[in-house]
Every structure is written in structure tokens, then in C-alpha cells.
Amino acid sequence: MDIFAALRARVLDALAGILPDAPEELRRRITVEPPREAAHGDMATNAAMVAAKAAGMAPPRLAAELAARLSALPEVDSASPAGPGFLNLRLKPSFLRAQIPLILAAGEDYGQAPPTGRRVNVEYVSANPTGPMHVGHGRGAVVGDALASLLAKAGHEVVREYYINDAGAQVQALAYAAYWRYLQALGTGMTEEEYAQLIPGGLQYRGDYLIPVGEALVAHYGDSLAEPHALHGIGMAGPDRWFEPVRAFTVQAMMRSIREDLAALGVRHDVFVSEAERIAAGDLERAEAILAAQGLIYRGVLEPPKGKLPEDWEPREQVLFRATAFGDDIDRPLRKSDGSGTYFANDIANHLHKIERGFDELVHVWGADHGGYVKRIKAAVAALSGGRVSVDVVLTQIVHVLKGGQPVRMSKRAGSYVTLADLIEEVGRDAVRFTMLTRKADAQMEFDLERVVEQSRDNPVFYVQYAHARVRSVLRAAGEPDPARLAGADLDRLTDPAELALIRRLTLWPRTVEAAAAAREPHRIAFYLNDLAADFHLLWNRGREDATLRFIRAEDPAGTEARLALVAATGMVLRSALGVMGVTPVEELRDERQGEAVARV
RNA sequence: GGACCCGUAGCUCAGUUGGAUAGAGCGUUGCCCUCCGAAGGCAAAGGUCGUGCGUUCGAGUCGCGCCGGGUCCGCCA
């Protein structure tokens, strides 16, 4: 259904007529793409430039030969050599129009690629269960969720995964912080600073969000996790009495809050993998054994980093993974001095778990502060899978939240940063999702709370939603015609350049899915939608000047039907693309704050 | 000291994995419209793609060196 792929096959056929035994490697380099300049036609191919040497012809000459063959095709209006050996194709309008019934038949599945047979694991969010999610997590969540949908649209079998970091020092600190709130809820006379002195590492998580957890611990356990204390009334019990139940209880509470935030954002995961469970299952030891069998583990001492030396640096023998054998810069430690695994080692276990479940490709969405971690995890997966499984990492840059151009930093709930829940409450789920995808993942982003709810041309959320609302308005006014009937319309009535431009844009959708998925760049979908909306609004505006271009004209039933077919197809592609982004298409535009339809169409 | 990411119009950003004369929105300037099909429409100006070499038929895109910004660099995750 991708007409670019279809025409590429025609180009290869034509080339085979001239150069029967072109090697596969050469054929693979031949592309058929939309030219940058619309004036050059509908499609351009580099075939003549790629194959010139093998054919023993100068590129323009070969282009002319190919043009002669291609211009005879029923799809092609004209084929003309250009420049250094390009071959420009202009398609017959009838061929373009013939795509409309195909779109109407496919509906929102238009753009869905056939199954590739490849299993892809997309791990995203994976926020530590130590506090509320902030906007940075939100960006990762949206990018990951849209990327997963995009890969599924491109024909891959996708599993959406969340890795819970529920082992290690951060979670220990969380348990101590929750225990403090528990003692407070019981009415201890101890001060926060006194408590902080008593525990290892000090009191790290001081946000108010743990207060309800402390209260819930009291409701569940009473005072059984504490001890009477002469001075404070209530004091700490030994960790062996309270630590594990408090840890488990608190992690569960944090995960519940994270899941609520994700649900509010419309982000879902198929699988939640627990770090602690994987370790308990012995994955770490098995992963180490696999690496050791290849001679990739040894005891050694790392060089200190050059330049500024950490103050407490001292040479130390460690268990190291030979990551340098797979392109990393240094070998990486696997064990802490207490014998437990480093985060990296535990993550190796996590990846072994993925590999053993049979995935062909592993995709991660990480914050940019994890950029230094990419090489070592690629090295580990290469070693564990014998090079069979690939790893791709999409890094997301930080989000600056603004309101009317002014920085917003304070959060009602967490005190130090804007929480995801605050953001969703302020502007709505769809605005959050769409806006998060209007930038390349690895570019810093400014998220202006006022701009994303503005009803104007420079707010893409509004602009795209408005296009869909207009589509729906027209179809409602036309009495909701059956797409199957519209597919039989006399589409030759669609002759205006703006109408044909819109059709061309629609036919670009399958290609956009494929390219965006291959590049792991879901933001391209947002840009496509913006372009599609622009083409549709342009046509709409033409109708305001030229009444014969209005979609519904009582005096022209046949023309009306043809234009309605185009409008319905546009709506389907809009919904298909919005579906990849996880944004709800609206029937009409309303100003949420007033509850009135201010832009009813 | 090293690794990774970024640098494109006044501003915010795209750029179809190396293609033709580098695009969009905002802003600026000019013209049109005042229509309940409720975001106004059309057009113009605006660029040595941070910079210098290199790779080749061809570089914003690939390689190397600088300049500037960001992230990170052994028992945090």
C-alpha cells in the first residue's frame, strides 16, 4: 500500500530490462523518494546514478533510458531525467486518486506495515520507585509509549516493559525515609535531624509525599514496628524487625502512585520486571557464568579517571567485565565491596532475561544523564547474545517548564520540581503527549503551560486537533456517509491542486511510519500531522474564497461525494497518526475552562 | 583528561540516514478580507547550516581538528 515501495519495484523492473544481472547490493541502494522540491514531480529516483557504472553508461544517459521505459507505465504521467542523473516521476492524477478507496477500505489501519516477524522489547519510564514522577519522566514515558506504538505500526511484535529498580541503596534510603514518617505518625518526640543522624547515609527523601505512607504503615502495622523510647516516647526498632516490611510496603505504594500517573497519561506497559526478583531468581550469577565462560570477567584495578581526581580515590581490586572487547572505553565493575552486584551487573541480569525471552531487538528510552551508560550495556548484550540481539537507546533531554515565558519550578506535592501529575492536571493529557513529541527526543525542550493550550496556528496541538474537528464537522453535516459508498465516488472530480496535494500527503503516511520507526524517532509523526493538517486547512480556506471547492454543495451531488471521500480519508489518516501518538482525536474543539464550544465548526 | 549529545533564518525548530536552488511556524514588511466554514488569507525579505581541513560525481548529513553549550566519567540508579 506504500506507493513509493510500489514505484520502486517498477524502477527495479525497468532497470532489469537494461541491466539484467544487477547485483543485489546495488539494487538495495536504489531509492524512490519524494523530492524536496515539489516542482520536480511526485517522486525522484537515484537509480541512474547508482547503476551508471555497472551499466557502462553516463548517469544522464541511463536516466533517459529508464525514463523511456517508466513513462509507459499506467501509474506514470511523465518521467524525466534531471540534474546529475536524477529521474523525476510525475504520477497520473488517476493513480493518486485511486489511493483514496484503498485508504477508506483500510481505515485507521492505513499505514500498518505487514508483520516483520521481529520481536522488539521497548523498555521505558523505569523511574525509580522513590517518589513522584516529574516532567522529565513524563517525556520518557510519552516518547517510549509512542515509539512502541510506532514500532508495532511498522509491523514489529512489541512488548512494552517497565524495569522496577527495587533493589539497592536508593530503595534502602527510601525505606528509612518512610520509616521516619511512620515514627512521626506514631507521635515520636524525635526531631528529623536526630533521626537523620541515626541512620546510614542520612535522610535522603524528605518530600511530603511519604507522610501518607507513614500513616498507612501505622494503619497496617500499628506500633509493632517501633520500640518504646525513654526520651522520645516512640523510637526506632532494630532494622531486622521493620526494614523488609517497610521497604516492600513503600515500594508498592510508590509503584501505585507511578501507575496512577502513567494511567492519567494513557501510558501502559505489558510487563513490569522487578530488579529484586531477577536477582533472587539467580539471573545475575547465570549472566556472570556466561560471561566468565567467554573469558570476559577478571579481577583487576581500574585506572583513575584523568583530569580531576575524585578526592577519596584509592586503587582497589574489583570484579570487572571486559567491556572494552565490545567497544566500550574502559572495563566495568560488576561487584560492590560487600559482594552485591553493581547497578550495571543487575542490569546485565535484566538483559539476560530479555534475551532469553527471545527478543531480536532491545530498545531503551533513557534520560540524557544516562548517555555514558549506553556503550557498556551494548557491550553486555553483544557478549550475552553472541551478537544476535541489538540494542538501541533513545536519550531524552530535559524539559524546562514555563508559564507565559517564565520558569516554573515549584510543585505543590514534591516541593522541588514540577510533577507529572501537576502537569497533566494543568493542561490535559493530550496536550502533554502531543507537545512532548514536537521535538526530537535528544533536544532540550521548553514546555510552556500557556502556549500548549492556546488556540492559534503556532500551537500544533490545537492546529492538528482543529483539522480533525473540521473533518468531523463536515462528515456530520453530510449525514455520516458510509466510507464504502464514498469509495465508489467519481474521484476524477478531484482536480484542484490543493486537493491533489492533500492526496499526496495521505500517500506519504505508510512511508513516514516506516522511516520514523527505523530511525526510532516518534517526533516525526507529530511533524507529519502538522503538515497534513496544513494541507487540509489550506484546502478548507480555498473553499472560503472559491465556493466550488467547498466540500458540501447541494447543487453538485457527485462532486460532493468525491470531496467527502477525500475528507473521510483525511480523517482516517489523522486518527491513524494520532493513534500512534496516543492522542485522542476530538469531535469538536472546546475551551475546557469554560466548557463551551468556542471553535465549533 | 576522556566519552556521549547538541550548534541550521531575528526567535522556536524540521531537514525523508549522502542528492538538485536548505524548509516550516512565529516575528518583520507589504497587499487583501471583516465572510458564523469562528485558528484570518496571500506574498516578500531574511542563511558563508559554529569553524577549518578531508572523503566523492555530490556534504547541513560521513571522518578528523578547533570554538561554544549540555550530560556524564570506580562500590548512585
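**Helix packing and RNA contacts**

Helix 8 and helix 11 (residues 239-265) cross at roughly 100 degrees, and their axes come within 8 Å. Helices here are DSSP runs of H or I of at least four residues, strands are runs of E of at least two, and both are numbered from the N terminus. Axes are lines fitted to C-alpha atoms, for helices over the stretch in contact, with angles from 0 to 180 degrees between N-to-C directions. Helix 8 and helix 11 are therefore roughly perpendicular to each other; the classes are under 35 degrees for roughly parallel, over 145 for roughly antiparallel, 65 to 115 for roughly perpendicular, and oblique for the rest.

Before I go on, this is a predicted model: local features need pLDDT of at least 70, side-chain atom pairs count only at pLDDT 80 or more, and totals for chains, interfaces and linings use all residues. Residues are numbered from 1 along each chain as its sequence is written, chains are lettered from A and ligands numbered from 1 in the order in which they are written, and side-chain values use heavy atoms, with hydrogens and water left out.

Back to that pair. Contact means heavy atoms within 4.5 Å. On the helix 8 side the contact includes Val 171, Leu 174 and Tyr 179, and on the helix 11 side it includes Trp 242, Phe 243 and Met 254. By class, this contact of helix 8 with helix 11 has 12 nonpolar, 2 polar and 1 charged residues. Nonpolar covers Ala, Val, Leu, Ile, Met, Phe, Trp, Tyr, Cys and Pro; charged is Asp, Glu, Lys and Arg; the others, Gly among them, are polar.

Next, helix 18 and helix 22, which pack at an angle of about 50 degrees with their axes 9 Å apart. That makes helix 18 oblique to helix 22. Among the residues that meet are Tyr 463, Tyr 466 and Arg 470 in helix 18, and Phe 536, His 537 and Trp 540 in helix 22. The contact of helix 18 with helix 22 divides into 12 nonpolar, 2 polar and 1 charged.

What part of the RNA faces the protein? Of the atoms of RNA strand B within 4 Å of the protein, 51% belong to sugar or phosphate and the rest to bases.

A sugar or linking oxygen of RNA strand B is 2.4 Å from an N or O atom in the side chain of Asp 442. Another distance, 3.1 Å, runs from a sugar or linking oxygen of RNA strand B to a polar backbone atom of Ala 368. For His 370, an N or O atom of the side chain is 3.3 Å from a base nitrogen of RNA strand B.

Definitions and conventions
Near = heavy atom within 4 Å. Polar contact = N/O pair within 3.5 Å; in protein donor to acceptor, adjacent residues only side chain to side chain.
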